[in-house]
Each structure stands twice: as structure tokens, then as C-alpha cells.
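Hi everyone, thanks for coming.

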Amino acid sequence: MTGRLHSIETLGALDGPGLRAVVFLQGCPLRCQYCHNPDTWDLAGGTEISAEALVARVCRLRPYFGEHGGVTLSGGEPLAQPQFAAEVLRLCRAQGLHTALDTSGACPGPAAAEVLRHTDLVILDLKATDPEQYRALTGGELSRTWEFVRQVTAAGVALWVRKVIVPGWNDTEADARRLGEALRGLPTLERIELLPYHTLGLSKWDQLGLRSPLADRPAADPEHVARLERCARAASFANS
Ligand code: SF4
């Protein structure tokens, strides 16, 4: 089976436990205003590669993974190619690698369930907890993300939730508390991380002849975002 690959980041330390091969697959149904990788949107872009060849490239990095590392499928949206994603993770698992899926949750359904069968950890990039804000930010429907979250918890897969904090958009303590409360009680939730919006991805929009709707927005202050993260975690994990 073949799929479309954007790139592989060797030895990423941010997308799952330990050191990891981060595999960026091509294609995404969302159009997030703060997207750092608009060059992954086109499902027909990138290069074609077989699942076996891709896993062989990942396995070459195995000596660096140590006890906790492994492979993370990212994108783009890895569930935009669900059969390919499932096959890659299945083969990685067969090699004894820890498997993580970095996803927006925008593609729930039976094909996603098959991917989850081969996934040890889901890193959910939750764009917004309000349906209107989600639609404005991504062009998609928040209800699909919650449907995916239900699939993750039903499958018993560990869940980390991430959210990008954009100044003037979702950067108040009330926003952070709402996020924590929305996630409270999810049985496999292990971690909540808030990420400061940064402007490094804007050059990619320029290269594609696009203008980001957030082009004039400043980067988020990391210290403020760290405070919000504590607030979200307190709202989610308190008394649980
Ligand atoms: S889900 Fe990710 S790749 Fe897709 S538009 Fe949003 S930020 Fe970009």
C-alpha cells in the first residue's frame, strides 16, 4: 500500500514520549488560520511512498529511540489517509515501536477506529471548545472532533490534548478554564498542553502565495501561556 508523505523529522522531542521519528503525512481537510504547515494541505502533494519503505526509514532511527521513543504520525492530518496510516502504525508496532498519532480529530469514523487499533497514544490538537470559534478558526465542525474523542476513549488509547493559544483569540483564564472543564473526566486523558502561537509559519503562507488571516497578530507570551496551562489543568484534573 502506498501513501503521500510530506517529510520525516528525525529525532523530534516534542511530539510524544522520548525521542521520535515524526512522520508528516500529506493532506488535511481543515484550514486553520494559524497553520504552520499549509504546504501539507494538498492530498495530492508530497511524494508517494509505500508503507514498508516508510517504516524501513523510521526503523533506521531505532537506535536513538531509547526506552520511551518511537514514531509519531503527524501532518497535515494523518487520518486524511486512514488506510495508509493504519498500515504504517501496524508495521511499526510489529517492529516493537511505540506509536503515536498527532491529529486534529477532524476525521472520525470506522477508518479512524482501525488506526486507533494500532495506536498507543493520541495527541489531539484541539482547535477550540466553542463550535462557532472552531468553525471560524478551521472551517470544520467541532462535533466531529468530539466524536473522535469518544472513539479514543472507547478504544482505551492514552490521550494528550494540545491547544494553540492565540493572543486576542483564546488567551483568557476563562478560556483556559473552559478547556479544562470540557476535558474533565475523560478516562484516558493524561496531559493538557497549551502552546504559544508563533509567527514562524507565516513564511510558508507567503511561499504559497497565501496570506494568513493572523498575519498581523503578535506571537503569544510563553509565560502567560504557562499560567493558562496551569489554569486548564487545575480545571480538568481537580478532584478527579
Ligand atoms: S489541522 Fe494542522 S495541518 Fe490541518 S490546517 Fe490545521 S494546523 Fe494545518
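Let's start with the shell around the ligand: its residues divide into 5 nonpolar, 3 polar and 2 charged. In this count, Ala, Val, Leu, Ile, Met, Phe, Trp, Tyr, Cys and Pro are nonpolar, Asp, Glu, Lys and Arg are charged, and the others, Gly among them, are polar. Around the ligand you'll find Cys28, Leu30, Arg31, Cys32, Cys35, Thr40, Trp41, Gly76, Ser104 and Lys127, where being near means having a heavy atom within 4 Å.

A quick word on where this comes from: it is a predicted model, in which local features need pLDDT of at least 70 and side-chain atom pairs count only at pLDDT 80 or more, while totals for chains, interfaces and linings use all residues. Residues are numbered from 1 along each chain as its sequence is written, and side-chain values use heavy atoms, with hydrogens and water left out.

Next, salt bridges. Side chains of opposite charge can pair when their charged atoms come close. Here a salt bridge means a side-chain nitrogen of Lys or Arg within 4 Å of a carboxyl oxygen of Asp or Glu, and by this rule there are 13 salt bridges.

Take a look at Asp15 and Arg162, whose side chains form a salt bridge at 2.8 Å, N to O. Strands here are DSSP runs of E with at least two residues, helices are runs of H or I with at least four, and numbering goes from the N terminus.

Are these two buried or exposed? Asp15 is buried, and Arg162 is too; buried means under 20% relative accessible area, exposed over 50%, and partly exposed in between, using a 1.4 Å probe and protein chains only.

Now compare another pair. Glu132 makes a salt bridge with Arg135, with the closest N and O atoms 3.0 Å apart. Both residues lie in helix 5 (residues 131-138), 3 residues apart, which is about one turn of the helix. Glu132 is exposed, at 53% relative accessible area, while Arg135 is partly exposed at 34%.

Asp216 is exposed at 68%, and Arg211 is exposed at 59%. Elsewhere, salt bridges that share partners join Asp15, Arg162, Arg191 and Glu193 into one network.
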